[in-house]
Amino acid sequence: MGLRLRLGLVCGLLFLLGIEAGSQGWAQTPKTGPEAPHADLADHLRLGQSAFPLHGPWKFTVGDSPIDPKTGQPLWADPGFDDSQWETVDLTPAEGSFEPRAGLSGYVPGWTARGHAGYWGYAWYRMRVQLEEAGAARPGEKLALEGPDNIDDVFQVFANGRLLGGFGDFSGKTPVAYYSVPTLFPLPSPAGSPTGAAAGGSGDFRTEVVAFRVWMGPGELLTQPDAGGLHSPPVLGQAAAVAADYQLRWLELVRVYSSDAALGLLIALMAVAAFTLVLFDRSDRVYLWIGAVFLLQAIYYGMVAFDTWTQHLSATADILLLSCLEVPLVLAGWVMVWWIWFGRQRPAWIPRAAAGLALLYMVSQAIGQEVFIRLVPHRVAAQFVMVSLVARVLFFALMLWIVAQGIRSRGLEGWLVLPAVLLRGIAVFSPELLLLHIRLSVNLFGADVTLAQLATVLMALAVVLLLLRRLLRSVKTQRELALDVKQAQEVQQVILPQARVLHPGLMIESVYRPARQVGGDFFQIIPHDTDGSLLIVAGDVAGKGLQAGMLVALLVGAIRTALESSDDPATVLGVLNRRLMGRSQGATTCLALRITANGDVTLANAGHMPPHLNGRPMATEGALPLGIFAGAEPSVMRFTLEHEDRLVLISDGIVEAMDANGQLFGFERIQALLNKQVTAIEVADAAQNFGQEDDISVITVARTAVLEPALG
C-alpha cells in the first residue's frame, strides 16, 4: 500500500557496523557438502556482524494455503513442504528501476507483471536460506528479519513454520491494510536444525525456511502499476545490524512524508489567513471559499503524514476520506474560487455543475477503488474508474473555461492562474499516469515531493499573488479615497463661517466637530446687505462621511441660491426641501431663523433640535424633516431677542453623546451646562469628552447692549 523510501545502500551501511575482512564478514559460499538441501536452496550465508537482503530466488504461487489440522498452521509455511512446482521469482531490482508513484529506487514489479494480470487475493513466497555460523561469530548471537518496505498490501511471515508476526489485520474475513511502516521480527533460536561441515568453512550451518503469506485488495489493480506482492526484498541478518537498519528506515519514513506534514501546516496557515480576510470584508465570498479549500487540503496532507506514521486509520478508511471525499470537494472548491474571483455571475449553473461533478466523482471513486470490497463485482467496479476519469476531465475542462473567461476579462490575473490550473488538472490524472509508469515525484533532500504537492503549492502561490495584487490595488484606492476625503474636508471648512462673528447688536460663536473627517452637520450665517438683518440656517444631514459631506455642499449652495429671491426662513426651507426630494438618504433636519436689527426673530423648523433661549428649550411645533414629503411645511414661530438674551442652537450629536457604559449625555446635562452661561466651545468639549458618536455643532447668539460694527 503506502510506499516508503528504503536505503539505497543497505548492505554497505550495515557492513560498517563491524564487518572485517575474511572470517568475520558474511559471505555467500558454494552450496556443497553432504547436508546441502535440494537444488532450489537460495543462499548459503556466513554469519558475521551484518545483514543481507534476500533477493532470491523465491518460490511463488497465487492462492492460499490449506490449514494443517494438527498444528493449526498453514501447510505452505511448513519447512518440509515441497514447493518445487511453484514459480521462481527474483526480487533483485533492475538497474535504474524506480516506483513511479513516489519515485523510490530499487522497485521490483509485482505478480501482475509476472503473468498474473488482474489477480487479487492471497499469494505465497517461500525461500530456503542456508546460514553458516562462522567461527568468528559471537556465541549466542540472535538473528532478525526485517520485513519488506514495499508490499501490496499486508502480509504474515513464517520462519520454519512458526508465525513470526505480520503487517495488517488478519482477524476478519477480509484483511485490513494500513500504510506500510518498517517491521522487525526476531528469529527464534534453532532447537535442532541439521548441521554439518560446510565446504570451505570452519563452522556449522543451519537452514531457515522463510515464507510470506501476502494479501492484496482489488483496488491496487486500478491504481498501482505492476501491483501484487513484494516489490522489495526482506533483510535477514544479525539482530543488532537489522535493528539498526530498522531504525534508519523509520527515520527515512518520517523524512519522506515530512513534505506532506510541512505542506499541510503551510496550507493550514493560509486557510487561517483567508478566513481572517472574511472578517475585514464580509461582502466578498471568495475569501470564504479560499479558506475552505485550503482547510480541506491542509487536512488531506496532514492525514497522509499522520496516518502513515501512526497507522491511525486503515488504508481503506484513508481512501474513503481522502480520495473519495476530500479530493472531489477540493476540485469543486477551486471551481467556485475562480468562478467568484473572476466575477462570473453567468452562467448560473456553474455551482450546480460543480456540486454534481463532485458527487459523481465521490461515488465513482468509492466504487472504482472498491472501498467496500465485494459490494459490486470487480469487473463492474473497473467501469466506474472510467466514470471517475470522465468526472475529472469535466472538472478540468470547467476550470480551464473559467480561467479562459478570466483572461478575457481580467487579463494578467487570468494568466497568473493558468499555470496553476494546468498543473492541478494534470495532477488529478495521477492514477492513469502511474499506470503508464510516468514518474510523478522528485526527491529533494530526502523528502518526497509529488506532482500533486507541486500543484497545490503553485495554486497557493497563485492565490497569494492575486491577493497581493488586490491588496496593492486596495491600498491605491484607499489613498485616492483619502485624498478625496481630505479635499472634501477642505471644501467643508471653506464653506463654514468663522468661529466668531460680530454683527451690529449681535455676537455669534460657532463650533463644528465632525465625527469623521467629513461631517453631515452644516450651518450658514448670512447678513443682509441693506436692512441689517441676519439669517442663520443650521441642519443635520442623515448619515456621516463623504456622502453626507457632498450633500452638505449641495445644501449650502441651495441656501445661497434661495437668498437671491427671499430671506424668509420658511421660504428658504421650502427651497431646500424641493432640492432634496428624490434623493436617497436625503432626509435632513434643518432650522432657519432671521433676526432683524431690532431683535425680532422669525424661526422656521423642519424637525431640528429646538433652540435654547436663556438656558431653556423653546417650545416649537413638530414638523417633518426635509426631503421626505414634497408638500411638507416647517413650523414657524416669532419672538423678540431682548438685550442680554442668549440663544443657543445645538445638533443632536450633543444629546446622543454616549459614555463607555452606554449612558447618553441627554437633555438634563445640556440644560445644566447652558444655565451656567458656558461658551459654545465648552458645550462641544463636554459632549465630546463624554463620548462623541455623531457630528457636534453648537451656535450661540447673544444680543448685545451696544451695537458693534459687523466684522464678517
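Predicted model: local features only at pLDDT ≥ 70, side-chain atom pairs only at ≥ 80, totals over all residues.
**Exercise 1.** Decide how α6 and α7 are oriented to each other, and describe the residues of their contact by class.

*Solution.* Begin again with the angle, which is about 165° for α6 and α7, while their axes are 8 Å apart. Angles over 145 degrees count as roughly antiparallel, and α6 and α7 are therefore roughly antiparallel to each other. Their crossing is right-handed. The residues that make the contact include L325, V335 and W339 of α6 and I350, Y361 and Q365 of α7. Divided by class, the contact of α6 with α7 holds 17 nonpolar residues, two polar ones and no charged ones.

**Exercise 2.** Which residues touch the most other members of the largest nonpolar core, and which element gives the most to this core?

*Solution.* The largest nonpolar core has 49 residues, and those that touch the most other members are I290, F294, W334, V335, W338, F395 and I402. Among the elements that give two or more residues to this core are α5 (286–310), α6 (315–341) and α8 (378–410). The element that gives the most is α6, with eleven residues. To see the surroundings of one member, take F294 and leave aside its neighbours within four places in sequence: F294 is then in contact with I267, M270, A271, W334, A460 and V463. Apart from this core lies another, of 36 residues, which includes F212, M216, V256 and L322.

**Exercise 3.** Is L649 buried or exposed, and with which residues beyond its sequence neighbours is L649 in contact?

*Solution.* First place the residue: L649 belongs to strand β27, residues 646–650. The cut-off for a buried residue is under 20% relative accessible area, so L649, at 3% relative accessibility, counts as buried. Once neighbours within four places in sequence are left aside, the contacts of L649 are with I536, A538, L591, L593, P611, S697, V698 and I699.

**Exercise 4.** Where do the cis peptide bonds from G56 to P57 and between D152 and D153 fall, and where is N614 found?

*Solution.* Most residues other than glycine have a negative phi, and most peptide bonds are trans. The bond from G56 to P57 is cis, with omega near 10°, and P57 is found in the loop between β2 (51–53) and β3 (58–62). D152 and D153 are also joined by a cis bond, with omega about -10°, and D153 lies in the loop between β9 (151–152) and β10 (154–159). N614 has a positive phi, near 55°, and is found in the loop between β24 (612–613) and β25 (616–617).

Conventions: Residues numbered from 1 in each chain as written. Heavy atoms only, no water. Core = buried A, V, L, I, M, F, W, Y, C linked by side-chain atoms within 4.5 Å. Buried < 20%, exposed > 50% of the residue type's maximum accessible area, 1.4 Å probe, protein only. Helix = DSSP H or I, 4+ residues; strand = E, 2+ residues; numbered from the N terminus. Contact = heavy atoms within 4.5 Å. Axes fitted to C-alpha atoms, helices over the stretch in contact; angles between N-to-C directions. Parallel < 35°, antiparallel > 145°, perpendicular 65-115°, else oblique. Left-handed = near helix turned anticlockwise from the far one by under 90°. Nonpolar A, V, L, I, M, F, W, Y, C, P; charged D, E, K, R; others polar.
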